[in-house]
Amino acid sequence: MSRAGGTWVGARVPRNEDARLLTGRAQFVEDVEPPGALHVAFVRSDLPAGRLRGFDVESARAHPGVHAVFTAADLGPLLRPGAVLVPPPPLEGLVFHARTALPLVRERIRHQGEALAMIVAESRYVAEDAAQLVEADIEPFDPVVDLGRALDDDAPRIHDDLPSNLAAHVRQTKGHYAAARARADLVLERRFSYDRGIGGAIENRAVVAEWDARADRLEVWDTTQAPIPVRNVVAAALGLSESQVRFIAPFVGGGFGPKIMFYPEEILIPWASIQLGRPVKWVEDRYENFFATTQERGQLHEAEIAVTREGRILGVRDIFIHDSGAYDPYGLTIPINTQCTLLGPYRVPNYESEFRVAFTNKPIVTPVRGAGRQHGVFVMERLLDLAARGLGLDPVEIRRRNVIGSDEFPYNHEIMYQDFAPLRYDSGSYEATLEEAVRLVGHETFPRERERAQSDGRAVGVGVVNYVEGTGIGPYEGARITVEPGGTVRLATGVGTQGQGHFTSFAQIVADAIGVEPSDVRVVTGDTSDFHWGTGTFASRGAVVAGNAIHAAALSVREKILKHAAEALEVDPDDLELAEGAARVRGAPDLSVDLGALALAANPLRGAVEPGTEPGLEATSYFGPPYGTTANGTHALVVAVDPETAMVEILRYIVVHDCGTVINPTIVEGQIHGGVAAGIGNAFYEELVFDEFGGTSNASFMDYLLPTSTDVPPIETAHLETPSTLNPLGTKGVGEGGAIPVAAAFAQAVEDALADLAPGLEILDIPTSPGRLFQLLRAHPKWCAGSRPESSGGAS
């Protein structure tokens, strides 16, 4: 494939990595099986709250094939709480109580699935059998399960050293909401809830560790989104230098946020390998994943909006409780995301937001795709829908009257974002994405479509919502690019990959700069022996932070190529162009030298390297943005609702988005499609059900509903490009935008479909599962059970 006269950035380049993935040659951690490896199973608590009074592990230790049984008493100095991975920003009046877990429970059990003991055996089968022989004496406690009551004075204490279950309290304001409210023509107040879910990656977490006593070196394979930070934590905990520890994050079968965390297993498996002098392997099973891997999404909001009779927003007030689970190792990233993202693409001159974070006896909460942003978008978009209904406005029109115009950037919302900087929008296309989505969905002619659908016995509705996504936060990433004597180009970066197409997009950036094809660029990600500085793949930052580091390194290599080629061809560097793997004289392509020859000449076997120069065609560069850039978009969908069963079919789904410079449209669309699928799951299917004792009732894919290929419709996408002003490539993140506004759009469309059958119906809770929607309909005062659109004649 040739791009003569053009650029690779922006092209639909086929993914470099797919051949390995589709033919089974891609390596995952499960594929790593060092000779002599031992296998681990964990004994986990079935109870969410209690005191571990004692153990009987002797039968397990005596079981044939068992090499060791480790409990908290065996860990020595390793038995200490983990670090807070992401400290909260320095907000005025901040209250934050950091509480993190021990690698194995010493006494207090705080959520179902906490690890009590680790069994190491010849096989996973033997380890699982031995785990069944462990008898734990646990005194059960009353669990804290109901988020709405977690902060009550009489709620059981999860951490005895705290006076309540309050983990944090934050208040941020701008303007003067009370004054705005007093002059409003309409004030609407509602209570919203957004319930818990899981990441649900196809590949569960896994760790393989091998200690080489002769080399005094530890090698770890890990399904992590942050190999470098995890390497650093493990090295420090084990008393090793970072150079003694190699972490490899190979292909990862889905990250979605939970794999950015640091988990006890990531220290226990390497520690066990050192103790036993054997490679040690652990792969999480699906049941464990429901408890041992972090979750997201539990929030309760009391929100209100104040508007003029013309539908202009005067102010918003939002008071909410966020469920942190039993610990809070990821700081306040999720609730701050909610607090900031609620403002969306709208002018909100007066804003009062306050949240409290509660400890509960549930698994730990950390970012999952969207990371709290979908909660804020849901609240704001629902308030706008209700305000439009109260004023007799079209839902699209109220949005038109409030979106920030293209001439208002940069736009400062004044409150503090999670990246320790004020929430500023660098650029965007809020009006344009809204109008394009309205055009594509046929919003103006939809009433006629509704009439036709009703004649066929269907209740159909349309939804149109906006979102802004903070992306590309720091601190930094780096990259090293090397042109090798054979002419191939090697790119190494510290970020890992979990399906985002890094091997292709990153190669396109390099190919543009130095005149090769993307297939000629060998990309290495997530191996600390190849690149050992960086942060990780999260917060839609790969193309922004790593991409711009790669761009800078590629430009430095380009300069070196031009310098050496100019000397070899005895011309001025400005007379050269780079194309087809060679440097050639403009207008005289026969006068050229290929990159391999230049790389060989740049590393002479004789002669001195002059001061201020360096051998080879290689460069290392880093990039850290001043603050995060903001992507934006509009989602529109059409749904059909079966009034008898409350099942919802999505007939059309449209995403108009702006992620700045698009590196590869196909990969961007893939990210959007995956995000929408996750958002549909959040909106209608996925819900963790906790019983009165705090146990999870649906911890399997037989009971926890995920959308399948039959539930996700074809997704129509349109790309707008407003380059970011914060980085040379002009890129913005796109990894989560597909998921963030889906629930809000879904709720609006379902209400619209049922406007005649159940006028005034309000969807305020997510997920709105078929069962929950069925109950809402049956409780509606004007609902006639079993009504069909053609027979109802409206409300009955």
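I began with the largest cavity and found that 15 residues line it, with G200, A201, P258, N289 and T293 lying nearest its centre. I noted that this is a predicted model, and that the space in the largest cavity comes to about 110 Å³. Sorting its lining by class, I wrote down seven polar, five charged and three nonpolar residues.

Next I asked how many cavities of 30 Å³ or more there are by this rule. The count is six.

I then turned to the second largest cavity, for which I noted a volume of about 70 Å³. Its lining includes H322, S324, Y327 and D328, and it runs on through P329, Y330, G331, L332, T333, I334 and P335, with V365 also taking part. I looked up which elements supply at least two residues each to this lining, and found β15 (313-325) and α8 (333-341). Of the elements, α8 gives the most to the lining of the second largest cavity, namely three residues. By class, the lining of the second largest cavity holds seven nonpolar residues, four polar ones and one charged one.

Last, I checked the confidence of the model. The mean pLDDT of the chain is 93, and 96% of its residues reach 70 or more. I marked residues 1-5 as a stretch where pLDDT stays under 50, and for these residues the model has eight contacts beyond four places in sequence.

Key. Residues are numbered from 1 along each chain as its sequence is written. This is a predicted model: local features need pLDDT of at least 70, side-chain atom pairs count only at pLDDT 80 or more; totals for chains, interfaces and linings use all residues. Side-chain values use heavy atoms; hydrogens and water are left out. pLDDT is the predictor's confidence in each residue, from 0 to 100. Contact means heavy atoms within 4.5 Å. On a 1 Å grid over the protein atoms alone, a cavity is a set of points where a 1.4 Å probe fits but cannot get out, and a pocket is an open set with protein on both sides within 12 Å along at least five of seven lines; lining residues have an atom within 4 Å of a point. Grid points are joined across faces, edges and corners, and a volume is the space filled by probe spheres set on the points. Ala, Val, Leu, Ile, Met, Phe, Trp, Tyr, Cys and Pro count as nonpolar, Asp, Glu, Lys and Arg as charged, and the others, Gly among them, as polar. Helices (H or I, at least four residues) and strands (E, at least two) are DSSP runs, numbered from the N terminus.
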